[in-house]
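This report goes through one protein model, its secondary structure, its aromatic side chains and the packing of its helices. Please keep the sequence and the 3D view open while reading.

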Amino acid sequence: MASAGSEPQPPAALEALGPAEDRLFLVKGGVFLGSVATAGMLAGFLTTLSLAKKKSPEWFSKGSVATAALPESGSSLALRALGWGSLYAWCGVGVISWAVWKSLGVHSMKEFRSKMQSIFPTIPKHSESAAGWEDVLKSK
């Protein structure tokens, strides 16, 4: 807590970032990684779609339009499955996160961080002190 005569302290997250150039670098890096991930997912989806169309064009055209035999098109079925899958994934991660939070008995992110640091081993900052792959994979 700050005493009556002291100035308010900035949040710890802002202190860690440093000057505006560092923040701009982080934003640019995030945009770049997001763009690369989006391009990769789009390329994978389009490649799979073109492969399916090339492999069996008649089945591909049957699945893209709703008919009397198939009352729902393949794309609407896929979108519905994507929606339910996304809902299940979000809820599952939320439940797992809540369960870990409650089982550790923490009340803030600072307590959570200190609890995790006490449970897991520290990661060395220098690669020289880290064990090599040969040491890790060596059978005993």
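## The end of helix 4

Glycine 105 follows helix 4 and has a positive phi, near 70 degrees. The model is a predicted one, and the values below are computed from it. Helix 4 covers residues 74-104, and its 31 residues should span 45 Å at 1.5 Å a residue, which agrees with the 44 Å that separates its end C-alpha atoms.

## Overall make-up

The protein contains 6 helices and 0 strands, and the order of its elements from the N terminus is α-α-α-α-α-α. Of its 140 residues, 2% are buried.

## Aromatic pairs

How many aromatic pairs does the count give? With ring centres required to lie within 6.5 Å, the count comes to 2 aromatic pairs. In one of them, the ring centres of tryptophan 84 and tyrosine 88 are 5.9 Å apart and the ring planes stand at 40 degrees, so this pair is tilted. Tryptophan 84 and tyrosine 88 are 4 residues apart in helix 4, which means that about one helical turn separates them. Tryptophan 84 is partly exposed, because its relative accessible area is 47%, whereas tyrosine 88 counts as exposed at 58% relative accessibility, the cut-off for exposed being over 50%.

Tryptophan 101 and phenylalanine 112 also form a pair, with ring centres 5.7 Å apart and planes at 25 degrees, so the pair is stacked, as planes under 30 degrees apart count as such. This pair links distant parts of the chain, since tryptophan 101 belongs to helix 4 and phenylalanine 112 to helix 5 (residues 109-119), 11 residues apart. Tryptophan 101 has a relative accessible area of 25% and is therefore partly exposed, and phenylalanine 112, at 21% relative accessibility, counts as partly exposed too.

## Packing of helix 4 and helix 5

Are helix 4 and helix 5 roughly parallel or roughly perpendicular to each other? The two helices pack at an angle of about 80 degrees, and their axes are 11 Å apart. Angles of 65 to 115 degrees count as roughly perpendicular, and helix 4 and helix 5 therefore are roughly perpendicular to each other.

On the helix 4 side, the residues that meet helix 5 are Val100, Trp101 and Leu104. Their counterparts in helix 5 are Met109, Phe112, Lys115, Met116 and Ile119.

Note on methods: Residues numbered from 1 in each chain as written. Heavy atoms only, no water. Expected span 1.5 Å × (residues − 1). Phe/Tyr/Trp six-rings, centres within 6.5 Å; stacked < 30°, edge-to-face > 60°. Buried < 20%, exposed > 50% of the residue type's maximum accessible area, 1.4 Å probe, protein only. Axes fitted to C-alpha atoms, helices over the stretch in contact; angles between N-to-C directions. Parallel < 35°, antiparallel > 145°, perpendicular 65-115°, else oblique. Contact = heavy atoms within 4.5 Å.
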